[in-house]
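Hi,

Here is the structure I promised to pass on.

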Amino acid sequence: MERTNNKPEKEAGQPCRPEEIEYLHALNRLTPAGRKRLLTWLHVRTYAADEPLFRQGEPALCLFFLLSGSLALEADSRTGRPDRLKIVAPGQACGSAALAGDAFYGESCLALEPSRVAVLPQTAFHQLLAGQPAIAAALLQGLLEETLDDWRQALRTYSGLTDHLTRANIIV
Amino acid sequence: MKTAMPIPTVPAREESGHVLALALIAAGILLPLLICALAAPPLFRLLLFTLWLNGLASTLPPQPGRRLCLGALLVLLLLTLHQLFAPLLPGLIASAPPGSAAPALHGDAALISRHLAAGRSELLRFARQLTALLWPSTATLALALLLAGLLTALRPPLHRELLRLAPNRALTRRAWLLRELPDRFGRWIRDESLRSLLMGGLWALGTWLLGYSHPAAAGLFMALAAPTPFWGPLFAAGLSLFFALDPGHLPLQAGGAAIVFAVTWLAAHLLLTPRLALSRPPLSRGWTLLWALAGYLCAGVGGFFIAAPLIAAARHADGALHLPTPRSCEPTSPQSVQFS
């Protein structure tokens, strides 16, 4: 994984540069002007390994775009050991619940290694929705595409596992 | 997993364990204002009006065009009302002329009349002090409008910067605070202002039609009491009886006042409550009365008026300071939301 953590100990956010958000999947549908508008609301944060970005059950108020490093999405389970749902790769977003209205994060997110993320507060999305709905719609479309990709992949994995178990006569 | 559960406007936390915290927050809100009011009344007026206008501005629609239009309309309305009422106000709450308390009465009627006159004089003195403390000069109002406008314009960059400066572990808490604090206070200030305006206006009109001696003062008391759920309007209506003409007219005017009160109460319920109910933090009637009486004991009539709004402000601040949990947005009992 790429490591660009100049100051991992510095906790406050840094201004976001245009080239940093160029390869974010969720912003694919945004025009350059839209990206520029969004950039004013974004800031970059660095998280150390094992540092949580958000925890399950917290109010969802920020959307995160991973710039470098890797993140894990985990959900609490009854066994006490969290279920790992997904590894977030650079370019992907997490915490989309922040754009779903008043909601709580449905899973915890923590950095697996020193990671840099761009943070978009929910307020920014609401302001865009009211003032520049085209940008908000493009952002939502981008996030929806990413979610659909995740969903397809999950289905594929599940279907492959079912096939495998059927062939092994575990499921008839 | 619950990802689409609505965040409650007020976290349903244990009430009894937070009385001390609420009292501390309330003291934190009240003390600076009190010191400011005692040390520099013009600065107090400026601060109060700027906070009030800033609260109102935070409830303006987010669309830039509509925001600008409504903001301009609000500014015009305020300046017009100020210019209209500034010369009239001293006359409207001036003391009753001597001899108006029916000197020909004897016995119990004379005693009641004397008590009414004494109470009326006391209330009018309080109203005059209050208007002297709160009524702003045109310059103060203009400066408050300017400051509120500036703060409103600077809010998005300020919000961004405050969020950016938050440490990683406090990001969600800071985002919650920055979202909730202006939102809760803004909606509450707007809704209580509308409620005060409607109830105060209707009550002043009603008491004027009934022939009360100081309908403006009666309306002022009703407007001040309207933010106190349930008990406030009742208390203000009771105080207004001191402005009845004389003991001979008292039963008739009290009966009329009961009808006007019912109309005012109904109007506030029918016009405002369905829209504004959520902005008022839930506080049981018993606690409201207790706080209001404590306020009355500490600071007289003024204490009664400010106790419940102060607790409501403290509860809003408390709600904005604490993150909710998914458990806290399970439906609360119907008794937790009370209307007045």
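Below are some notes on a sheet and a few salt bridges.

First, the ground rules: this is a predicted model, where local features need pLDDT of at least 70, side-chain atom pairs count only at pLDDT 80 or more, and totals for chains, interfaces and linings use all residues. Residues are numbered from 1 along each chain as its sequence is written, chains are lettered from A in the order written, and side-chain values use heavy atoms, without hydrogens or water.

Chain A has an open, antiparallel sheet of 4 strands in the order E3-E8-E5-E6 (strands are DSSP runs of E, at least two residues, numbered from the N terminus; two of them pair if DSSP finds at least two bridges between them). E3 (52-54) and E6 (83-88) are at the edges with a single partner strand each, so one side of each has no neighbour in the sheet. E5 (residues 71-75) pairs with E6 over 5 bridges, and there A:Leu71 sits opposite A:Val88.

In one of them, B:Arg190 meets B:Asp191 at 2.9 Å, N to O. B:Asp191 is buried, at 1% relative accessible area, while B:Arg190 is partly exposed, at 27% (buried is under 20%, exposed over 50%, partly exposed in between, with a 1.4 Å probe and protein chains only). Elsewhere, shared partners join A:Arg17, A:Glu19, A:Glu20 and A:Arg116 into one network.

Cheers

Conventions
A salt bridge is a side-chain nitrogen of Lys or Arg within 4 Å of a carboxyl oxygen of Asp or Glu.
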